[in-house]
Every structure is written in structure tokens, then in C-alpha cells.
Amino acid sequence: MAKTLSTRHLIGIKNINADDIQLIFETADNFKDVINRPIKKVPSLRDITVANLFFESSTRTRVSFELAERRLSADIVNFAASSSSVSKGETLLDTVKNILAMKVDMVVMRHPAPGACVFLADRIPANIVNAGDGTHEHPTQALLDAFSLREKFGDLQGKKIAIIGDILHSRVALSNVFCLRKLGAHVRVCGPPTLIPKHYGELGVSVSHNIQETLEWCDAANVLRIQLERQNINFFPSLREYHQFFGITRERLERLDKEIVIMHPGPINRGVEISSDVADGPHSIILDQVENGVAVRMAVLYLLAAQGA
Ligand code: CP
């Protein structure tokens, strides 16, 4: 097992290998112990300054990264586009160069444009962590999802994982496909034909439009949000109809002859892609995913900092 990552940036799961993922998981195991101690802090990133640049809204990822950085004793600069000079016309590169001039070592960035993080990685001397770039990738979400599945199942080799819902607009789906495939899992995407891009068939996953048959097939279902804010045309007739045909409900789960693990990256549209009794039910690991996010992000920041910019 390698003891360093193969990369200086975390732009996407596509760009890292299975050894990198295992190293992140083993490091996260140690950090999960740390954050469950009475004193939840280690000095690992003392003297490292991290800028959290959020050009798009976020609750879980932003808070999780900030907590991870604080637990590692990093210095933190928080930036939200809505209250910055971006609204006066400043470019992404100018914004980031100005922040880096204040001696920042690492940048965690969420941006609505796919490719925004790789654009920066080629131009600035700091480690870049992609916290979600448009509909492209959300690598730390996929890592925390797979870490949470690993806690449930151990090795993911041969496990059957379904990703259900709005695949078309989802960066979580693409990062999950790359991550789960690299760990040896079988992956199926399921949703209405209008919400599954044609190229998914080339990613080594199976495609289904039959929700009950997909639930029968899988060991775990990762249920995705319908991203209405990214849809300017109608991909299905109504939210009520979506729930009727693709919503994960207790009735659907009770029809199975087995129990499956239920996941959701959040934020949840309760009563649309998942019913409240399933989201809050005994098979849901949604809050475990959130808890694991802090340890996984600590591991990513720690390992990238060790690489230097
Ligand atoms: N899962 C996720 O990315 O949530 P946020 O948009 O709240 O960060």
C-alpha cells in the first residue's frame, strides 16, 4: 500500500487510483477515532492556511470541510461568491490569485462550472480540492459514500450498488461510479430515460428504468435529489408522478425479500425521491455519511498537504 497519494490535487475520482482511495480510507479510519475522542483536534495542519471558496450554495460540504480543517488545526479563510467582488465582475482567476497573494496553501472550491478546479490547478501554486464543479464531479462525496459502505459491508468487491434518480445533473453520480468501479463494486444507475445520459453505458455500469427490479438487484441504493435548479425544461411530467414511479418508499422496500442499505448525499427532497419514513428509517445511513464526511475530508487535506503545492 502506497503511503502518499499519486496526485497533488483532488480534482476528481477519475484522476486517482484504487491505492489512493484505500490510503484515504485508512487515514480516515485514524481521523474518525480522533473526532470521537473528548479532544477532537490534532496539530497536523498547523501553519497551513486553507481557503474555502464557495461560488455555489452548500450546507454539508462547506461545514464538513471547515470542521475537518479546524480539527487539523489549519488556519481558515472562508469566501462566499454572493458577498464578494465576483458580483462586481472579477474573474475566477483574479479572485483566487488575490486570495493566494495572502499566502494560502490549499484551496477547497465549489463552482457551478464543470472544469473550474482543473482550470485553477493548472494556474496557481496551491493544492486544489474540488468540492463540486457543476455537473462534473464531487470527489469527497463519493469517497465518504464509499467509506460509509465499507463500514457496512467491509470490502466492496462484488457488492451491487444502485444509484437512483437524477443522474443527468449529478456530479455525485459520476464520482460514485468512478469510485465504486475502482473498488470492484457492480454499479447500476436507475431513473427515467430522460435523466440518464446515454454515455453512462460506456462507464461500465448497467442502466435500468425499472425501480422495483433495481431495488431487488442491489445491496445498497444511493438515492439522488431531483436537481430542479439545473432543469430549465421538463424531464418528467410532475414531481408527484416522479415519486409514484421512482420514489423510494417503505411500501417498495417491504416488497423486497431482503434488506438493503439506503443512502442519500443530501439535500433531500422529502416526498419526491425518497419518503421520510425511508430517509429516517432503520436501513438509512444518511447521517453516517455526514459524520464520515469530516474524517474523509481530514484524510484528503492531510494527505494533499503532505504532497506540498
Ligand atoms: N452533499 C452535498 O454536496 O451537500 P451540500 O450541497 O449541502 O454541500
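Colleague: How many cavities of 30 Å³ or more does the structure hold?
Modeller: Two. On a 1 Å grid over the protein atoms alone, a cavity is a set of points where a 1.4 Å probe fits but cannot get out. This is a predicted model, where local features need pLDDT of at least 70, side-chain atom pairs count only at pLDDT 80 or more, and totals for chains, interfaces and linings use all residues. Residues are numbered from 1 along each chain, and side-chain values use heavy atoms, without hydrogens and water.
Colleague: Switching to the ligand, which residues are around it?
Modeller: With a heavy atom within 4 Å of the ligand, they are Ser-58, Thr-59, Arg-60, Thr-61, Arg-110, His-138, Gln-141, Pro-265 and Gly-266.
Colleague: Why does it lie between domain 1 and domain 2?
Modeller: Because domain 1 (13-137 + 290-307) and domain 2 (139-287) both give residues to the shell around the ligand. The bounds come from an automatic or database domain assignment.
Colleague: Which side chains have an N or O atom at 2.9 Å from a ligand oxygen?
Modeller: Arg-110 and His-138. A ligand nitrogen is 3.0 Å from an N or O atom in the Gln-141 side chain.

Note on methods. A polar contact is a pair of N or O atoms within 3.5 Å; within protein, one must be able to donate a hydrogen and the other to accept it, and residues adjacent in sequence count only if both atoms are side-chain atoms. On a 1 Å grid over the protein atoms alone, a cavity is a set of points where a 1.4 Å probe fits but cannot get out, and a pocket is an open set with protein on both sides within 12 Å along at least five of seven lines; lining residues have an atom within 4 Å of a point. Grid points are joined across faces, edges and corners, and a volume is the space filled by probe spheres set on the points.
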